[in-house]
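The following paragraphs lead the reader through one structure, from its overall build to individual residue pairs. Please keep the sequence and the coordinates at hand while reading.

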Amino acid sequence: MPKVSAEHFAARRRQILEAAARCFARDGFHRTSMQDIVRESGISAGLVYRYFTGKDDMITAIVTDWHEQRAARLAPDPARAYLDLLRSVSRDDSRLGVQVWAEALRSPAILALVRAGVDGPREAAAAALGGDDALARVLVAIYQGLVLQTAWDEPVDPEAFAAAVDSLLARLAPGGPSPAPEHS
């Protein structure tokens, strides 16, 4: 059997994961069969199974990949990257993200992956905020809320949402503009 290059292996793996993600976002984890993923990917079942043992293996790979990509994006400039992350929220990714959160309630392995992907950035945000873990959790909740609203197909404009969060963060920053006074 001929050996394939690392690039070919990575591209084929990506092709399968993208097909699985589309299926999972559309139909959920439990309504998606391996045959659905095979059909969506255009790759033979035998080849799919050479790359992944099953759906759980694919879910793990998708979640791990997400967290690695987000961590890389957040590393250089966390504040700017956070706003860019909000701007990048899409319906399909949101639907898949909500599926992952639901699966985390069933699967301790998926829960551990999800927690690691949230806890690391939250701890980094808390450190950047002078140790304010509560404020870091609020930032996580803002992101999660946007993902949920987008998954529900709410008419959410990610650019406007990110601008509103940017304005809110500017008001909270030391020396930033003070909130407008309340009218009585």
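Contact, as the word is used here, means heavy atoms within 4.5 Å. The structure is a predicted model, in which local features need pLDDT of at least 70, side-chain atom pairs count only at pLDDT 80 or more, and totals for chains, interfaces and linings use all residues. Residues are numbered from 1 along each chain as its sequence is written, and side-chain values use heavy atoms, with hydrogens and water left out.

The overall build comes first. The chain has 9 helices and 0 strands, where helices (H or I, at least four residues) and strands (E, at least two) are DSSP runs numbered from the N terminus. Along its principal axes, the C-alpha trace spans about 75 × 30 × 30 Å. Of the 184 residues in the chain, 32% are buried; buried means under 20% relative accessible area, exposed means over 50%, and partly exposed lies in between, with a 1.4 Å probe and protein chains only. Among the contacts with a separation of 6 or more, 61% come from residues 24 or more positions apart.

Confidence is expressed as pLDDT, the predictor's confidence in each residue, from 0 to 100. Its mean over the chain is 87, and 92% of the residues reach 70 or more. Among the elements, H2 has the highest mean pLDDT (96) and H5 the lowest (86). Over residues 177-181 the value stays under 50, and the model has 4 contacts beyond four places in sequence for this stretch. Where pLDDT is low, the predicted coordinates should not be read in detail.

Helix H1 (residues 6-27) packs against helix H4 (residues 55-74) at an angle of about 100 degrees, and their axes are 10 Å apart. Here axes are lines fitted to C-alpha atoms, for helices over the stretch in contact, and angles run from 0 to 180 degrees between N-to-C directions. H1 and H4 are therefore roughly perpendicular to each other, given that angles of 65 to 115 degrees count as roughly perpendicular, those under 35 as roughly parallel, those over 145 as roughly antiparallel and the rest as oblique. On the H1 side, the contact includes Arg 13, Ile 16, Leu 17 and Phe 24, and on the H4 side it includes Met 58, Ile 59, Ile 62 and Asp 65. The residues of this contact divide into 9 nonpolar, no polar and 4 charged. In this count Ala, Val, Leu, Ile, Met, Phe, Trp, Tyr, Cys and Pro are nonpolar, Asp, Glu, Lys and Arg are charged, and the others, Gly among them, are polar.

Helix H2 (residues 34-41) has Met 34, Asp 36, Ile 37, Val 38 and Ser 41 buried. These buried residues pack against H1, helix H3 (45-51) and H4. After H2 comes Gly 42, with a positive phi near 75 degrees.

A salt bridge is a side-chain nitrogen of Lys or Arg within 4 Å of a carboxyl oxygen of Asp or Glu, and the whole structure contains 13 of them. In one of these, the closest N and O atoms of Arg 87 and Glu 159 are 2.9 Å apart. Arg 87 lies in helix H5 (residues 78-87) and Glu 159 in helix H9 (residues 158-172), so this pair ties together parts that are 72 residues apart in sequence. Arg 87 is partly exposed, at 27% relative accessible area, and Glu 159 is also partly exposed, at 43%.

Another salt bridge joins Arg 122 and Asp 133 at 2.4 Å, N to O. Arg 122 belongs to helix H7 (residues 108-128) and Asp 133 to helix H8 (residues 133-151), and the two are 11 residues apart. Arg 122 counts as buried at 8% relative accessibility, whereas Asp 133, at 27%, counts as partly exposed. Asp 133 also forms a salt bridge with Arg 137, with 2.8 Å between the closest N and O atoms. Both residues lie in helix H8, 4 residues apart, about one turn of the helix. Through shared partners, salt bridges join Arg 115, Asp 119, Arg 122, Asp 133 and Arg 137 into one network.

Helix H8 also holds Thr 150, which is buried at 10% relative accessibility. Leaving aside residues up to four places away in sequence, Thr 150 touches Val 89, Ser 90, Arg 91, Ser 94 and Val 156.
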